[in-house]
Structures are given as C-alpha cells and as structure tokens.
Amino acid sequence: MRIAAYGQEATIADRLDSGVAALLVDDVRMACINAGIVTIDVIPAAQSFVVVHSNKDSASVQLLLADLLTNRRNDNLTSSFGNTVEIPVRYDGADLDEVARACGMSVDRVVDLHSNTTYTVEFCGFAPGFAYLHGLPEQLHLPRRASPRARVPAGSVAIAATYSAIYPGESPGGWHLIGTTSLRVWDTGRTPPALLQPGTTVRLVNIS
Amino acid sequence: MTLRIERAGITTVQDHGRSGWAHLGVPTSGAADKASCALANRLVGNTPHSAAFETSGGLVITALHDFNVVVTGADCDAFVDAEPIRRCVVTTVHTGQRVRIDRIREGVFSYLSVSGGLDGPRVLDSQSHDTLSRIIPLALSEGVEIRLGIPHDATTSLDIAVSPRRTDHILLQPGPSTELLSPAAQADISKHSWVVSPMSNRVGIRLTTSSLLVNVPAELPSVPLIRGAVQLTPAGELVIMAADHPTTGGYPIIGVVDSDDVDGLVQLPAHSRVTTTWNVEK
C-alpha cells in the first residue's frame with residue numbers, strides 16, 4: 001500500500017489488493033466529509049483509488065487515508081456490502097465457439113463456468129457504466145482479441161483478461177463476446193444511472 | 001431570449017462539466033480551456049458555470065432577440081454582421097444580426113459566451129458535449145434554436161484582450177509511475193524537445209519526440225486518471241489528459257501537470273514545441 005500526491009488536487013492510494021478499492025470508496029467519502037475535506041470525485045480502479053479534492057492540500061488527505069487504511073486493514077474487506085444485481089444472459093455471443101476452443105473446453109462448460117460465478121464490480125471505466133467484474137474463473141482468462149471490433153452492440157456480455165463486463169452502449173471493443181442481456185446497465189434517466197457500481201455483487205442467470 | 005444556429009462549424013456547447021460521476025466511468029468533460037471559458041462568462045455577467053460555445057471556427061448564429069456576447073480564448077476572426085468584434089469586449093447584438101467566428105488566428109479554442117448563458121437539456125447535471133463518451137445534451141446543427149438564461153446587466157469589457165495561458169514549458173510533478181523510470185530515463189524525457197501531435201484533441205494532448213529511452217512496462221493495472229495526468233505510451237508519446245479524458249487507464253502515469261498548465265496546453269496548435277522539467281521538490 002502506498003499513499004501519495006497525484007498532482008496538487010488529487011491523492012492516490014495504490015498497491016492495494018484487487019477489489020479492495022471499490023469497498024473503501026464509501027468510507028473514504030464519509031471520512032473526508034467528517035474531516036471537512038471537499039471531495040469532487042472518489043474514483044476506484046484495479047488496485048488503487050484516487051480522491052480528487054477541491055483544495056490543494058494533498059498532505060492532509062494523505063494523513064486521513066493513512067489513518068483510514070490502517071484501521072480498515074484489520075476489518076474483513078472481502079465481504080461485499082454493495083447490493084446484489086441479477087442479470088439475465090443469453091449465451092449467444094459471436095466469439096463463444098472461439099472462446100471454448102481457446103480455453104480447451106466445450107461451449108457448455110464455458111457457459112457453466114461463466115454463469116455459476118458470483119462477481120463483484122471492481123471499478124468502472126472505459127465508458128460510462130462499463131463495470132469491470134471481478135471473479136472470472138481462471139480457466140476463462142484470455143488476452144483481448146488481436147484486433148478489436150469497431151462496433152460492439154449495447155448489452156454484449158464479454159470477457160477479457162481476468163474480467164467480465166457488459167457493454168453499456170454501442171462502442172468499439174476488443175473483448176470476447178460470449179452473450180447478450182436485454183437489461184439496460186446504463187441509463188442517464190435513472191438514479192443512479194449505472195446499474196453496476198463499484199462494490200455491487202453480480203449474478204448472471206443463464207436464460208439461453 | 002433565443003438564438004439560432006446557422007452553421008455549427010467545429011463547435012460544442014461546454015460548461016463546467018459533469019464532475020462527481022467519474023466512479024461510474026463518466027468523463028468530467030467541460031470547457032477544454034477552463035480559464036478562458038470562465039472569463040467569457042465573467043465578462044458577459046454570467047455565473048462561471050454557464051454554458052457557452054467552444055469553437056475552433058466556422059460558427060454562425062443569428063440573434064432572435066437582443067443580447068450581449070463576448071469572445072475569449074484563442075485569437076480569432078469574429079464579427080457581428082460585417083463589423084469585427086474584439087476579444088474580451090462585450091458587444092450588444094440586435095435581433096436579426098449574425099455573429100460569426102470564422103477562423104482561429106492563434107490557438108485552438110475560442111469561447112463565445114452569451115448573456116444569460118445557453119439554456120438546454122442536461123445530462124448528469126451538465127450541458128457539456130463529451131466527445132469521448134458521445135454524451136451530447138444539445139447537438140448543434142443548422143436551424144437549431146437555443147434559449148438563453150436570464151441575463152445579468154453587470155458586464156465588463158477589457159481594454160486589452162486576455163490571451164490564453166502560454167504553455168510551451170511544462171513542469172512535471174511526480175505521478176503514480178514516476179519511480180518506474182530510471183534517473184536516466186527521467187533526464188531523457190526532460191532533455192527532449194516535444195512536439196504537439198495533430199492527433200491531440202479534447203480527450204488528450206499528445207506530445208511526440210524521437211528516440212526516447214522507454215523502459216517502463218507497456219501496461220499496468222488500471223489507475224484512475226485525472227485532468228493533467230501524463231501517460232507514457234508504448235510508442236514513446238506523452239499523453240496529457242484533457243477535458244474528455246477517460247476515467248481510468250493502464251499506461252504508466254509518469255507525471256502530472258498542473259490544471260492551469262492544461263488550459264495552456266490545449267490551446268497549442270499542432271506542431272508547437274514543448275519542453276519539460278521535473279519538479280523534484282516533492
């Protein structure tokens with residue numbers, strides 16, 4: 001774990017265990033409020049999170065985070081306290097056969113492994129509402145496609161590296177497409193707009 | 001109060017952006033040169049958060065009522081009908097008159113602010129056009145009519161135009177991956193002269209150079225990005241995160257540039273030269 005200034009108006013905590021950052025952001029927000037530090041964003045990523053603050057005093061934020069992280073280290077952070085979302089998935093992705101071949105297993109086995117897993121949203125990035133789902137079984141870890149698609153439809157259920165994800169809107173993308181969902185994971189007319197937020201527990205229900 | 005778009009040119013609507021949503025993957029967006037946009041709003045009597053036009057030229061609007069306008073940011077050829085208007089001087093436009101920003105003379109983005117500010121739909125609390133996520137609350141095209149907010153009489157004009165900050169030299173503060181650079185590689189970055197790539201845009205300013213010593217991993221676990229974060233790409237380019245930057249990224253962040261310097265960097269035309277020094281103090 002390291003805590004450092006990230007320019008004058010942001011502070012980073014990195015070298016955290018995977019998945020921990022998402023579980024800390026609410027506590028970080030609360031601790032900042034209690035300390036009178038105005039935060040603009042608290043952003044989790046893979047093994048780090050960043051506090052963007054309106055003052056240029058990173059030193060005081062660093063102290064606060066050091067205190068918080070030391071206290072929280074003894075707590076059990078693996079238990080998620082986000083809400084749980086169930087997502088119906090039709091396993092009809094364009095890359096499903098290829099994924100099965102690359103992983104050396106049957107398509108049924110891929111579907112089985114992928115859907116019988118509990119995921120947690122580690123962080124969002126790439127596009128609004130694009131959630132990196134932690135928990136993909138190791139047998140399904142594959143590098144991204146050699147050449148990304150120019151157009152991936154919204155609702156595509158995909159895997160790449162150690163993550164699974166659902167494309168919230170149509171975009172280019174280099175992940176392997178294994179299924180689709182009709183559930184809208186991103187809707188700016190809804191509060192909050194993202195169905196999958198850092199810390200959310202996700203269950204995929206096979207409706208093929 | 002209303003105006004009509006006759007021609008949009010290379011123009012977007014920008015305000016202070018949609019901060020507070022980065023944890024859901026939403027870029028902050030907002031004016032690329034924050035200081036110039038805030039100045040335009042200040043001069044025409046708007047709140048600093050009001051929405052204005054950010055243009056790189058080709059914008060033509062018609063006044064459907066009388067209102068005040070002001071132009072700031074990059075020096076440009078701007079007119080009310082045939083009459084040139086000077087930057088930072090508030091000008092009253094009468095019903096039926098046309099305001100044009102033809103061509104940028106020096107810089108990249110000019111700001112046209114209208115008394116009362118541009119009114120219109122908001123997405124996640126902001127009217128800003130996010131070019132990365134394609135969040136476009138108000139698409140500008142010929143014939144679109146835009147309502148204005150309630151104008152404030154307290155306008156200010158300046159005798160001498162305030163030009164955008166000149167940033168041909170940037171100070172690199174340490175970033176999350178600075179220590180992955182050997183002292184020789186750090187020195188190498190500041191020894192090189194960098195050139196603004198034509199690929200630069202509202203998402204990021206790309207600086208290129210030749211024969212850089214690159215010795216950092218090509219990709220790391222994603223970290224949150226902030227405006228001013230400086231990525232070193234595997235191709236040996238520096239990318240400085242600007243208004244529409246993505247919220248997370250996997251390239252090493254070798255430094256951070258101050259927010260004020262980002263205002264200046266976005267105004268550098270392609271092929272401008274930039275030098276860097278390390279701020280070793282902390």
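Figure 1. Among the contacts in chain A with a separation of 6 or more, 63% join residues 24 or more positions apart. Please keep in mind, as you look through these views, that this is a predicted model. Of the 208 residues in the chain, 44% count as buried.

**Figure 2. The secondary structure and overall dimensions of chain A.** Taken along the principal axes, the box filled by the C-alpha atoms is roughly 55 × 35 × 30 Å.

**Figure 3. The two domains of chain A.** Domain 1 covers residues 2-72, and domain 2 covers residues 84-206. Between the C-alpha centres of domain 1 and domain 2 of chain A there are 28 Å. Where the domains touch, domain 1 of chain A brings 9 residues to the contact and domain 2 of chain A brings 8 residues.

**Figure 4. A closer look at the domain 1 side of the contact.** Which element gives the most to the side of domain 1 of chain A that touches domain 2 of chain A? Here you can look for helix 1 of chain A, residues 20-34, which gives the most to this side with 4 residues. By residue class, the side of domain 1 of chain A that touches domain 2 of chain A has 7 nonpolar and 2 polar residues, with no charged ones.

How values were computed: Residues numbered from 1 in each chain as written. Chains lettered and ligands numbered in written order. Predicted model: local features only at pLDDT ≥ 70, side-chain atom pairs only at ≥ 80, totals over all residues. Buried ≥ 20, exposed ≤ 12 C-beta atoms within 10 Å, placed from the backbone. Contact = placed C-beta atoms within 7 Å. Domains from an automatic or database assignment. Helix = DSSP H or I, 4+ residues; strand = E, 2+ residues; numbered from the N terminus. Nonpolar A, V, L, I, M, F, W, Y, C, P; charged D, E, K, R; others polar.
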